[in-house]
Amino acid sequence: MPDGAPAGGAREQGFFDDHPRFLETSSTSAGVRRLNLRHRALVEANRDVLDGARVLDIASHDGRWSLAALEAGAAHVTGIEARPELVAHAEQTLATYGARQGSYRFVTGDVFAVLADADLDVDVIQCFGFLYHTLRYPEFFSLLRRLEPRHLLMDTRVANVSGRIIQVLVNESTRQAHAAADDYTEGTKTLVGWPSPGALRLMLRTYGFRVEDTYDWEAVGRTVGTKLVGRYQRGERVTWRCRWDGVTAGSADDDVLDDDVLDDEGVDDA
Ligand SMILES: C[S@@+](CC[C@H](N)C(=O)[O-])C[C@H]1O[C@@H](n2cnc3c(N)ncnc32)[C@H](O)[C@@H]1O
């Protein structure tokens, strides 16, 4: 019977049943059923690329996806997380669950500041639950591209609209799940965005990332019901596997971007 089966039915166990500390070290979407379903989509479905990989876990939170990557066969994980209490939880939890010393490292700090300084060898980047906590996309993707990863695993909220649109919102840095304060935070408010799928694809492509697989959340929703995965099922959240092919925007063999380059001929009010 699937995870999230109706009350009364036995629920299938998953990664977070085996690692219940994570249910206590976070107040951010820490329901066991949804976390187990995300584990299948984010980690199980990517075992082949995680196996033996050096992984960068962006916004590593309490280490939930760092440990999951190690247990899926990753050789090493570096987590970056701004909130020191979450990093402390991550270190304690990975040690408690017997993750091999030397196979992980957590860096406390703002993702942008850490990546600008870091010298990392990375095969796979996990970007789970972060992209909608920033509006600094060109900076972010150019920092990722510099690492020349093989794969980028992306799980993010999106604006479910057609076209290439970014919906602008404000995050409140006093909330654990929201953007941590960065150089552009005003008081406790940080401007963030939800890109539409079209906008996200174009940004990824511009920096050399091709979407090679989109996780089928609709099928999951049909099995477990919409309550657990409603945002995914409604297309308000996506889980994509991207490959970095190193083809930068505008190079001769890049046909995808040609259609997307703005043609401002005839526009006279610029
Ligand atoms: C919604 S949670 C996602 C947690 C986890 N990655 C997941 O997908 O389940 C967002 C995380 O991003 C972290 N965060 C937000 N802005 C950050 C920044 N600029 N630098 C580093 N971490 C940040 C938050 O502290 C929080 O742990």
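The legends below accompany close-up views of a predicted model.

**Figure 1. Overview of the chain in the predicted model.** The secondary structure of the chain amounts to ten helices and nine strands. The chain has 270 residues, of which 39% count as buried. Among contacts between residues at least 6 apart in sequence, 68% join residues at least 24 apart.

**Figure 2. The shell around the ligand.** The ligand is surrounded by 20 residues. The closest are A59, H61, A82, F128 and G129. Classified by side chain, the shell consists of eleven nonpolar, four polar and five charged residues. Two elements, α4 (64-71) and β2 (76-81), each contribute at least two residues to this shell.

**Figure 3. A59 and H61 in the loop between β1 and α4.** A59 is located in the loop that runs between β1 (54-58) and α4, and H61 is found in the loop between β1 and α4 as well. Both residues are listed among the closest to the ligand. The phi angle of A59 is near 55°, a positive value in a residue other than glycine. For H61, phi is likewise near 55°, again positive in a residue other than glycine. Is A59 buried or exposed? A59 is buried, because 22 other C-beta atoms lie within 10 Å and the threshold for burial is 20 or more. H61 also counts as buried, with 28 C-beta neighbours inside 10 Å.

Figure 4. Helix α4 spans residues 64-71 and supplies at least two residues of the shell around the ligand. Seven of its eight residues are buried, so α4 is largely enclosed by the rest of the structure. Which residues of α4 are buried? They are R64, W65, S66, L67, A68, A69 and L70. Just after α4, G73 adopts a positive phi of about 110°.

**Figure 5. A99 in the loop between α5 and β3.** A99 occupies the loop between α5 (84-96) and β3 (104-108). With 19 C-beta neighbours inside 10 Å, A99 counts as partly exposed, because a buried residue has 20 or more such neighbours and an exposed one 12 or fewer. Which residues does A99 touch, not counting those up to four places away in sequence? The contacts of A99 are with L67, L70, L94 and Y104. The C-alpha atom of A99 is separated by 8.3 Å from that of E71, although the two residues stand 28 residues apart along the chain.

**Figure 6. Helices α9 and α10 in contact.** The axes of helix α9 (residues 217-224) and helix α10 (residues 226-233) come within 9 Å and cross at roughly 160°. At this angle α9 is roughly antiparallel to α10, because angles over 145 degrees are counted in that way. The crossing of α9 past α10 is left-handed. On the side of α9, the contact is formed by W217, E218, V220, G221 and V224.

**Figure 7. T156 in strand β5.** T156 belongs to strand β5 (residues 151-157). T156 is partly exposed, with 19 other C-beta atoms within 10 Å. Residues up to four places away in sequence being left out, T156 touches L131, Y132, R237 and V238. The C-alpha atoms of T156 and T239 are separated by 6.7 Å, while these residues are 83 residues apart along the chain.

**Figure 8. S173 in the loop between β6 and β7.** Where does S173 lie? S173 lies in the loop that links β6 (166-172) and β7 (189-195). S173 is partly exposed, with 18 other C-beta atoms within 10 Å. Leaving aside neighbours within four places in sequence, S173 is in contact with H178, A179, A180, A181, T185, T188 and T190. A distance of 8.8 Å separates the C-alpha atoms of S173 and G187, which are 14 residues apart along the chain.

Note on methods:
Residues numbered from 1 in each chain as written. Predicted model: local features only at pLDDT ≥ 70, side-chain atom pairs only at ≥ 80, totals over all residues. Near = placed C-beta within 6 Å. Helix = DSSP H or I, 4+ residues; strand = E, 2+ residues; numbered from the N terminus. Nonpolar A, V, L, I, M, F, W, Y, C, P; charged D, E, K, R; others polar. Axes fitted to C-alpha atoms, helices over the stretch in contact; angles between N-to-C directions. Parallel < 35°, antiparallel > 145°, perpendicular 65-115°, else oblique. Left-handed = near helix turned anticlockwise from the far one by under 90°. Contact = placed C-beta atoms within 7 Å.
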